[in-house]
Each structure stands twice: as C-alpha cells, then as structure tokens.
Amino acid sequence: MSDAILVLNAGSSSFKFSLFPAHESPSRQGILCEGECEGIGHRVHFKAKDRAGASLADEYLAEGASHEDALAALLRWLETRFQGDQLVAAGHRVVHGGSLYTAPVLIDASVMAGLRGLIPLAPLHQPHNLAAIDALSKLHPALPQIACFDTAFHHTQSELTTAFALPRGLAAEGIRRYGFHGLSYEYIASVLPDILGPGAADGRVVVAHLGSGASLCAIRSRNSVATTMGFTALDGLPMSRRCGNLDPGVVLYLMQAKGMTVTEVSHLLYNESGLFGVSGISDDMRTLLASDDPSAKQAVALFVYRIGRELGSMAAALGGIDALVFTAGIGEHAAEIRSRVCVDAAWLGVDLDQRANLAGAAMISRAGSRTSAWVIPTDEDLMIALHAWTLLNAGGSPPGSHGNHGSSKA
C-alpha cells in the first residue's frame, strides 16, 4: 500500500484535482492523475487523465450534483482506480490567508473560523475554497487537510510596499496590500534556476500571470518585492470579468449618483467588467483575438496597455529588469499578447524573437537581448502537493506513517 496526496482547487461550479504519490517529494513526472469536475449544481462532467495525458475517466454525474456529491464521486473513483494507494492528506488552494497565515497550515476549526472571516476580501474564491474543505471533512473527518495560500508568497514585501495612504488605525485592522497568485509565482520562482540559470534566477524578474485572473509580480532573489493586486484580487490589471485598477471615486459615484447598492457595485466590478465589460462580447481572450469587432479590439488593446503600464511600475520597484516571464492560460498560449507586450517593452530592453514566440519556445527574446523574455508553464497543483508533503514530514515521521491520522484508501 502506497500513500498519496490529493490536491483540490475549488471554484464556484467546478473543482480541479490532482493525485500525487507521497512516499517521496512530489514531482510533475510522478503525478498519478489529474482532472476536474465542472458544472456543479447542474450536470457535472467528471474528467481525469494520467501523467501522459491519456483519458482515465470521462462521464457525467447525476443532474444537480453538489460539491459534496462530486467530491464523493471523485473519492469513490480514486478508491477503485488506485486500489494500491491510500490518502494521507489533502492540500487545498485557499486564495486569502490575510495577515495571519503566511505559510501552509494544517486545518482545524480555529483555522476555518479565521479563513471564513476573510471571505469579504475574496468573495469570488474564498467561499468555494472553504466549501471543498467542509465537504471533504464530512466525507473523511480524520483526513489531514492543509491550506496553501495565494497570499503567502508576498509576505516578503516590505511594510512600505504593502501600505495604503489611509489612517494608521485602518492599517492596524489589516487594510493593506496582500497580493495574490502567490502559488503560481512561488512555483515560477522555484524553477527559475533550472531555466534562466542560477545567476539570472536571483536577478530582477517580472512574472506576468495572465489568465482569467491576471497580475504581475516583481521578484528579486526569488522573493516577491511588489505585485499589482492589493487588498483584494480586484486590483491591478483588467481581467476576464474584473475591472482591475479603479479610481475609488468611481465607486462613490456609482453609489451616490447612480443609486447602486453595495451588492450591485460588487457584481459590476467582479462579474461585468474587464474584457467582458469593455468588449460586450466575451471574457475569453481567444474569442476576442479572433473577432473583428472594434469593441473586442479595444478590450485587447486596453489589456495590453495596462500590462505595459504595470510592467513599468514593477521595473521601478526593482530598479530595473533583467527578465520577463509569461505564465498562466493567456501568458502561456496567446503568442499575440506576448508579442504586443514585448514590443511595447522594447524601452525596457526586451528584443523579441518573433519566430521563437510563435513557435512557443521557452526563450522568446533574441540572443543578446538586454532583458530576456520567457514562457514558463505554471504548476500550482505541484506547489500545493509539495507544501502538503513538507508539512506532513515536518512532524518528524514519513508520509507513510500518517495512517493513524485518518488516511483513507484512494
């Protein structure tokens, strides 16, 4: 019987999962399977594949299946498919850890209470992250569960960097810049020595995590120095449906002059803005790039322009830039967006190799470019598995000895 770690990344209507062996430090090469359950609350589509990408499961669950129903189906499938493996822990992506949780933590009732208090700061993500933890607790109450935070990587930033120009009493209550996408940035930082080389990895690197959520992070010596997201994941770049950076006066105007309620403003900024709001067509970059509609073109242009503005800000925080890294869905797959960002960043020393960019090469700048440019796929699931494995081993016993903590057959 071998031990395994389940990784869960839960959203409002879906969750992604991965299963890693736990007898040694997890690696992408060692992954047992990965997949997702999408359409929760409606007709749930359950898919799984092995490490080579071959399909292991592709089926639909009963109409109206809940998060708990989908999780139960996943666990039953794992028990049948991986009879020689038993779960020793589950690792969860939790978007907001606030000021208190600066590293992965073993979840208990006290931790859950603290994380529920942060729901107003990440309303799109936190409730669903915590719902998956609650559901798994009901199904396997003794199974250790570990929360890994998207905010944790940014706790190396200085007090000056994280401060707002608000009264000190509000700062003391926790109103400050936190930053997000930390698990993605942490993974990229961990592989920089292998890709850029040890010397360059410790230089001034800006990572562009461009997906449905989008942000930039300035990294020096593989630590976060500054990032574009702030108190919530609403700040910084325009995103699929989130507005990004916005004059607070706009919110006051919407409430005072337009008579909008807090709930209506929140829905506008989180769900009706960004690429979707500007284009009026779609929040999918692929659709917008393929469209001839002027509004679609404007949405893409605004996205690229804001990246350029914030890239200058990140370079200022670092005192220069040595490397630019693209990652996440748009960053890894949209060559047109990378091209436009790099061309606009020529003033920062980026000399784009268009052929390498179109070919999807790892290095997309020309040899001799003062600032190198790269495409590095992110791996948040692996980062969570590594954190869970490390936390299990921190107790002084190998993962295989944790069966007495409620390991269940996978």
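Tutor: Let us begin with a term: contact means heavy atoms within 4.5 Å. Please keep in mind that this is a predicted model.

Student: Leaving aside its neighbours within four places in sequence, with which residues is His154 in contact?

Tutor: His154 lies in the loop between β8 (145-149) and α4 (159-162). Once neighbours within four places in sequence are left aside, the residues in contact with His154 are Tyr178, Gly179, Phe180, Gly182, Tyr185, Cys217, Ser224 and Thr227.

Student: Is His154 buried or exposed?

Tutor: The relative accessible area of His154 is 1%. Buried means under 20% relative accessible area. His154 therefore counts as buried.

Student: Which side chain does a polar contact of 2.8 Å join to that of His154?

Tutor: A polar contact is a pair of N or O atoms within 3.5 Å. Here the contact is 2.8 Å, and the partner of the His154 side chain is that of Ser224.

Student: Which residue takes a positive phi in the hairpin of β3 and β4?

Tutor: β3 (residues 33-38) and β4 (residues 43-49) pair in the antiparallel sense over five bridges, and Cys37 stands opposite Phe46 in β4. The hairpin has four residues between the strands, and the residue with a positive phi, near 85°, is Gly39.

Student: In which sense do β2 and β3 pair, and over how many bridges?

Tutor: Strand β2 covers residues 14-21. Phe17 stands opposite Gly35 in β3. The pairing of β2 with β3 is antiparallel, and the number of bridges is six.

Student: How much accessible area do Val278, Leu302 and Tyr305 have together?

Tutor: Tyr305 is found in helix α12 (residues 294-318) and is partly exposed, with a relative accessible area of 46%. With Val278 and Leu302, Tyr305 forms a nonpolar patch on the surface, and the accessible area together is about 250 Å².

Student: How far apart in space are His267 and Arg241, C-alpha to C-alpha?

Tutor: His267 is placed in helix α9 (residues 262-271) and is partly exposed at 38% relative accessibility. His267 and Arg241 are 26 residues apart in sequence, and the C-alpha to C-alpha distance is 9.9 Å.

Conventions:
Residues numbered from 1 in each chain as written. Predicted model: local features only at pLDDT ≥ 70, side-chain atom pairs only at ≥ 80, totals over all residues. Heavy atoms only, no water. Helix = DSSP H or I, 4+ residues; strand = E, 2+ residues; numbered from the N terminus. Buried < 20%, exposed > 50% of the residue type's maximum accessible area, 1.4 Å probe, protein only. Polar contact = N/O pair within 3.5 Å; in protein donor to acceptor, adjacent residues only side chain to side chain. Patch = residues over 30% accessible without salt bridge, like charges linked within 9 Å, V, L, I, M, F, W, Y side chains within 5 Å. Areas by Shrake-Rupley, 256 points an atom, 1.4 Å probe, with all protein chains shown as cover. Salt bridge = Lys/Arg side-chain N within 4 Å of Asp/Glu carboxyl O. Pairing = 2+ DSSP bridges.
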